[in-house]
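I opened my notebook beside the model and went through it place by place. My entries follow.

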Amino acid sequence: MPSAIRIHRHPLSGHSHRVELFAKFGGINHELVDVDLLSGEHKKEPFLSLNPAGQVPVIEDGDTAISDSNAILVYLARKYAPDWLPTDPVLEAEVQKFLSLAAGDIAHGAATARLVTVFGAQLDAERPKAVAKSAFDRLETHLDGRDWLVGTTPTVADVAIYSYTAHAPEGNVSLDDYPNIRGLLSRVEALPGFVPMQSTKVGLAA
Ligand SMILES: N[C@@H](CCC(=O)N[C@@H](CS)C(=O)NCC(=O)O)C(=O)O
């Protein structure tokens with residue numbers, strides 16, 4: 001039995017949550033290592049040797065350290081749970097498109113709006129809320145007649161999108177107008193091994 005991968009994370013980080021969630025879905029032996037972002041543990045050694053960018057999540061798999069949540073999902077899927085990452089070129093490109101959405105408009109939209117309410121970030125929340133709405137409008141349309149973002153089974157794309165979308169109301173981004181998105185979130189939550197991210201009673205979730 002290979003030793004557990006170590007997931008360095010913060011419990012309120014959606015980027016970290018998607019990695020933990022995928023480890024659960026993929027049945028990957030893992031342990032969680034909490035990083036104290038408040039005290040700046042992520043900006044000091046030994047953390048910086050794991051990820052010079054000073055951000056969670058990072059995983060250690062034996063001697064290999066991998067940072068960036070989406071890179072981690074791809075690594076874990078290829079190595080341990082290949083059913084979650086199609087090899088058909090068109091489907092794989094589709095998955096990549098949604099990983100880019102997660103790192104782009106979801107990160108700059110719903111995730112950033114939530115930084116204001118959950119962490120007190122001094123930002124104008126209007127711009128990220130508009131980015132979130134635009135991204136969710138496109139996702140809603142894409143999901144018409146589909147159970148999953150890509151193909152007919154769950155992939156890392158669904159996992160990458162899940163955490164910040166499910167917690168968007170904490171950042172005052174409503175999901176009321178998005179039944180297809182809410183359906184996708186429910187299907188993810190019904191998968192064996194699902195584990196929620198810690199919620200915060202702020203914004204529309206208060
Ligand atoms: N592109 C990175 C973004 C990770 C990220 O933004 N992590 C946040 C927590 S959600 C963080 O560590 N922030 C602390 C900082 O940047 O100083 C990924 O996908 O993992």
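**Entry 1: Asp68.** I began with Asp68, which is partly exposed because 17 other C-beta atoms lie within 10 Å. My cut-offs: buried takes 20 or more other C-beta atoms within 10 Å of a residue's own, exposed takes 12 or fewer, and partly exposed is in between, with C-beta atoms placed from the backbone. Asp68 sits in the loop between β4 (64-67) and α3. Helices (H or I, at least four residues) and strands (E, at least two) are DSSP runs, numbered from the N terminus. I read phi of Asp68 as near 80°, a positive value in a residue other than glycine. Most residues other than glycine have a negative phi, and most peptide bonds are trans.

**Entry 2: what I am looking at.** This is a predicted model: local features need pLDDT of at least 70, side-chain atom pairs count only at pLDDT 80 or more, and totals for chains, interfaces and linings use all residues. Residues are numbered from 1 along each chain as its sequence is written.

**Entry 3: Asn172.** I looked up a residue in the loop between α6 and α7, Asn172. Its phi is near 65°, again positive in a residue other than glycine. Is Asn172 buried or exposed? Asn172 counts as buried, because it has 20 C-beta neighbours inside 10 Å.

**Entry 4: cis bonds.** I found a cis peptide bond from Glu45 to Pro46, with omega near 5°. Pro46 is in the loop between β2 (30-34) and α2 (47-50). Val56 and Pro57 are also joined by a cis bond, with omega about 5°. Pro57 lies in the loop between α2 and β3 (58-61).

**Entry 5: two domains.** The chain is assigned domain 1 (5-83) and domain 2 (86-197). Such bounds come from an automatic or database domain assignment. Their C-alpha centres lie 19 Å apart. I counted contacts (C-beta atoms, placed from the backbone, within 7 Å). 13 residues of domain 1 are in contact with 17 residues of domain 2. On the domain 1 side, α1 gives the most, with eight residues.

**Entry 6: helix α6.** Why is helix α6 (residues 156-166) largely enclosed by the rest of the structure? Eleven of its eleven residues are buried, so the rest of the structure largely encloses α6. The cover over its buried residues includes α1 (14-25), α3 (69-80), α4 and α7 (179-189). I checked Ala160: leaving aside neighbours within four places in sequence, its contacts include Arg18, Asn70 and Phe98.

**Entry 7: the core.** The largest nonpolar core has 52 residues, and Ala160 is one of those that touch the most other members. Helix α4 (residues 89-119) gives the most to this core, with ten residues. Domain 1 (5-83) and domain 2 (86-197) each supply at least three residues. A nonpolar core is a set of buried Ala, Val, Leu, Ile, Met, Phe, Trp, Tyr and Cys residues joined through C-beta atoms within 7 Å.

Technical notes: Contact = placed C-beta atoms within 7 Å.
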